Amino acid sequence: MAWLCLLFTPTSFASTIPPYTLTRQQVSSPPFTDLAHLLEHPTQLRLDRTPYSSQYHARKPYLLTEPDAEYANTFDTLPSPPCSTITPLPKVPVSLTSIPKDYGYTATFSIGNYPSSSSSSSSSQSGFNLLIDTGSDLTVVTSAACAHPECLQVPHRFACAASTTCTATTNHLDGSDRWVQGYGDGTRANGTLVRDTVRFVDDRGGAAIELAGQPMLVVDQPGLGLFKSYGENVDGIVGLNLGGPVVSPTVLQNLQRLEMSWSKGGNNILANDGEGRGGMGLMSLSLNKSLAPREGGELLLNGIDTSRFKGSIYWSDCGPSPFDWTVLLDQGMMVDTQASLRQDVVPGTERQFAVIDSGSDGIYLQRDTYNELFKRIPGATQMASGYWRVPCQGDTVLVLGIQGRRYRISYHDWVKKPKVDSSTTTTTTTAGEPMCQAKVYGSSPGPILLGATFLRTVYTVFDFSHPGYERIGFADLA
């Protein structure tokens, strides 16, 4: 899903700017004790001064250093906090399934705990296919008690009353157990807040990660439209944003508290120890277009798969929002055509923060910026509705300038393929030339969103190992 309203075609990095590594210095708290030194050497201190809503607090600063080869190429583990005695946690691969029409990706979860005599209840709660959404903070499922036709279209619905560990909870804003979550596409999730055990299902089909007491929004009113938006195989949403104002802990905050424990069968399982003594701080995302079940890509928890990318990972520090995975478009969005000897920067994109949103299918821009982009696309035509169509064949490349690097999105990656006998994705000009929809959209006022259209062209790493110092890494696909 979009903001409240993470391996398809290899591309190459165009920039030759040497990467900087934003290292996490092993220093005491507060992180920078020698303030006089920093004031004398201001180039070592990077503070984000981009204007942002007053509801967000300032993020902690980084120390900006020259490239650190040892750190930049250490893919399996990242530096641990001083005096850490936590046993390293294993990597957990979670297979993803691509939603038809490029609408997103799901992973499989089981929810709740049930008496051994209630095998039917346990079975019905073990196969939730939830949309992987780095642009949202809440985990959302549909209530089994909802009798509305929209609810009944969802294959797996959560039965809180049947789970022995499901309890009511309240939101942080008004103290009630009700919440209405709005999304950028106009849908909304209206329901009751509860806590229960949520389990990631790994590549072997087993419950590899157990998050006890995970807050969830259980929808019992129409408005979310999962079936209408995604089809028959999406049961809800798992929010993988950094945090949120509604409930805590979020899934990522719960992952940070994980400890190693032993199941009764003697197999390793990760469980929330409830004490926040340390845990995961890394997840990696690779996406492709395969529609086969569990072959749409991989969400790798607590690790990085070096076989899926080539070269280095280039890191970008997150923006000032404490909730969102954001990167700074320091060079903006550019249009690169073969007819042009330069890359044309789209007005309204330079020095802007963009949300990395795996729950969105495309790239979302404010309407004025959207129009400025398509004015620069050869052959683009604006429809009476205000939306744009582009020639179904072309060579225009979209370029995103992120923290000194340039990431290229080829024409066939950002333009929808024409469909036979479909008026929804194609039209024709007066000259009879077929025109196609783009995967770039003009939205209501809000941040730039970089969804699956961009994420399929890079290997993405989300580093949340040090709260307040989060960063995102991108690498060229193998």
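Author: Gladly, and please keep in mind that this is a predicted model. Let's start with a pairing of strands: S21 runs parallel to strand S30 (residues 448-450), and the two are joined over three bridges.

Reader: Which residue in S30 is the bridge partner of Val355?

Author: Strands of a sheet pair through backbone hydrogen bonds, either parallel or antiparallel. For S21 and S30 the sense is parallel. Within this pairing, the S30 residue that partners Val355 is Leu449.

Reader: Which strand pairs with S21 in the antiparallel sense, over four bridges?

Author: Look at residues 326-329, which pair with S21 over four bridges in the antiparallel sense. There, Gln352 in S21 has Leu329 standing opposite. The antiparallel partner of S21 is strand S18.

Reader: How many of the five residues of strand S21 are buried?

Author: A residue counts as buried when its relative accessible area is under 20%. Strand S21 covers residues 352-356 and is largely enclosed by the rest of the structure, because its buried residues number four of the five.

Reader: What share of the residues in the whole protein chain is buried?

Author: The protein chain has nine helices and 32 strands. Its accessible surface comes to about 20,500 Å², with 52% of that belonging to carbon and sulfur atoms. Of the 478 residues in the chain, the buried share is 53%.

Reader: Which strands are at the edges of the open sheet of four strands?

Author: The order in this open sheet is S20-S19-S25-S26, with antiparallel pairing. Strand S19 (residues 332-336) is joined to S20 by two bridges, and Val335 has Asp344 in S20 as its bridge partner. An edge strand here pairs on one side only, and that describes strand S20 (344-345) and S26.

Reader: How many disulfides does a search of the whole structure find, and what pattern do they follow?

Author: A disulfide is a covalent bond between the sulfur atoms of two cysteines. The search of the whole structure finds three of them. Counting bonded cysteines along the chain, the pattern is 1-2, 3-4, 5-6.

Reader: Is the disulfide of Cys146 and Cys151 right-handed or left-handed?

Author: The sulfur atoms of Cys146 and Cys151 are 2.1 Å apart. Cys146 is buried at 4% relative accessibility, and Cys151 is buried with a relative accessible area of 4%. The torsion about their S-S bond is about 65°, so the disulfide is right-handed.

Reader: How many residues apart are Cys392 and Cys436?

Author: A disulfide joins Cys392 to Cys436, with 2.0 Å from S to S; this link is right-handed, with 95° about the S-S bond. Cys392 lies in the loop between S24 and strand S25 (397-402), and Cys436 in strand S28 (residues 434-436). The pair links distant parts of the chain, which are 44 residues apart.

Reader: Is the aromatic pair of Tyr370 and Tyr387 stacked or edge-to-face?

Author: The model has 13 aromatic pairs. The rings of Tyr370 and Tyr387 are 6.4 Å apart, centre to centre, with 70° between the planes.

Reader: Where do Tyr370 and Tyr387 lie?

Author: Both belong to a cluster of linked ring pairs that also includes Phe374, Trp388, Tyr411 and Trp414. Tyr370 is buried at 1% relative accessibility, whereas Tyr387 is partly exposed at 36%. Tyr370 lies in helix H7 (residues 367-374), and Tyr387 in the loop between strand S23 (381-382) and strand S24 (388-391).

Reader: Over which ring does the charged end of Arg471 sit?

Author: Two arginines are worth a look here. The charged end of Arg405 sits over the ring of Tyr314, 3.9 Å from its centre. For Arg471 the distance to the ring centre is 3.6 Å, and the ring is that of Trp315.

Technical notes: Residues are numbered from 1 along each chain as its sequence is written. This is a predicted model: local features need pLDDT of at least 70, side-chain atom pairs count only at pLDDT 80 or more; totals for chains, interfaces and linings use all residues. Side-chain values use heavy atoms; hydrogens and water are left out. Rings of Phe, Tyr and Trp (its six-membered ring) pair if their centres lie within 6.5 Å; planes under 30 degrees apart count as stacked, over 60 as edge-to-face and the rest as tilted. Buried means under 20% relative accessible area, exposed over 50%, partly exposed in between (1.4 Å probe, protein chains only). A charge sits over a ring if NZ of Lys or CZ of Arg is within 6 Å of the ring centre and within 35 degrees of the ring normal. Two strands pair if DSSP finds at least two bridges between them. Accessible areas come from the Shrake-Rupley method with a 1.4 Å probe; for residues, only the protein chains shown count as cover. A disulfide is a pair of cysteine sulfur atoms within 2.5 Å.
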